[in-house]
Amino acid sequence: QVQLVESGGGLVQPGGSLRLSCAVSGTIFSIDAMGWYRQAPGKQRELVAVITSGGSTNYADSVKGRFTISRDNAKNTVYLQMKSLKPEDTAVYYCNTDGRPRPTWSVIRYWGKGTLVTVSS
């Protein structure tokens, strides 16, 4: 069974930094895009950043220049380095990945359970 486990969330002051990690475990044949989403209280889940298997990245306008997504394919892990954090970045951050459990299976989107990031003084 494929699982995604996020870590690195917590409480940070405005202007601070955090690094989120998300490790994919279980039997999976291939992993395509990996990404981070977030959901603030009372709001819909939104895309934060995505990285393809080839390393191309895309960011939400609200985090460009402050957040960096990266991945370690050998470890099946995706990271989100967050700098210059603002109170409006407070949310539960979810990672996801598009993966193929078996060579002949269709691509499935997997989600982690989320990690809370709180930006407050």
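**View 1. Ser84 lies in the loop between E8 and E9.** Strands here are DSSP runs of at least two residues, marked E and numbered from the N terminus. The model is predicted: local features need pLDDT of at least 70, side-chain atom pairs count only at pLDDT 80 or more, and totals for chains, interfaces and linings use all residues. Residues are numbered from 1 along each chain as its sequence is written, and side-chain values use heavy atoms, with hydrogens and water left out. Phi of Ser84 is near 50°, a positive value in a residue other than glycine. Most residues other than glycine have a negative phi. Ser84 is partly exposed, with a relative accessible area of 41%. Buried means under 20% relative accessible area, exposed over 50%, and partly exposed in between (1.4 Å probe, protein chains only).

**View 2. Asn76 has a positive phi.** The value is near 50°. Asn76 sits in the loop between E7 and strand E8 (77-82). Its relative accessible area is 25%, so Asn76 is partly exposed.

**View 3. Arg66 is buried.** Its relative accessibility is 12%. Arg66 belongs to the loop between strand E6 (57-59) and strand E7 (67-72). Not counting residues up to four places away in sequence, Arg66 touches Gln81, Met82, Lys83, Ser84, Leu85, Lys86 and Asp89. Contact means heavy atoms within 4.5 Å.

**View 4. A disulfide joins Cys22 to Cys95.** The S to S distance is 1.8 Å. Cys22 lies in strand E3 (residues 18-25) and Cys95 in strand E9 (residues 91-100), so the pair ties together parts that are 73 residues apart in sequence. A search of the whole structure finds 1 disulfide, defined as a pair of cysteine sulfur atoms within 2.5 Å. Cys22 is buried at 1% relative accessibility. Cys95 is buried at 0%.

**View 5. Tyr37 and Trp111 form an edge-to-face pair.** Rings of Phe, Tyr and Trp (its six-membered ring) pair if their centres lie within 6.5 Å; planes under 30 degrees apart count as stacked, over 60 as edge-to-face and the rest as tilted. By this rule the count comes to 1 aromatic pair. The ring centres of Tyr37 and Trp111 are 5.0 Å apart, with planes at 65°. Tyr37 lies in strand E4 (residues 30-39) and Trp111 in strand E10 (residues 108-111), so the pair ties together parts 74 residues apart in sequence. Tyr37 is buried at 18% relative accessibility. Trp111 is partly exposed, at 35%.

**View 6. The charged end of Arg45 sits over the ring of Trp111.** The charged end is 4.8 Å from the ring centre. The rule asks for NZ of Lys or CZ of Arg within 6 Å of the ring centre and within 35 degrees of the ring normal. Arg19 sits over the ring of Tyr79 with its charged end 4.1 Å from the centre.

Key: Helices (H or I, at least four residues) and strands (E, at least two) are DSSP runs, numbered from the N terminus.
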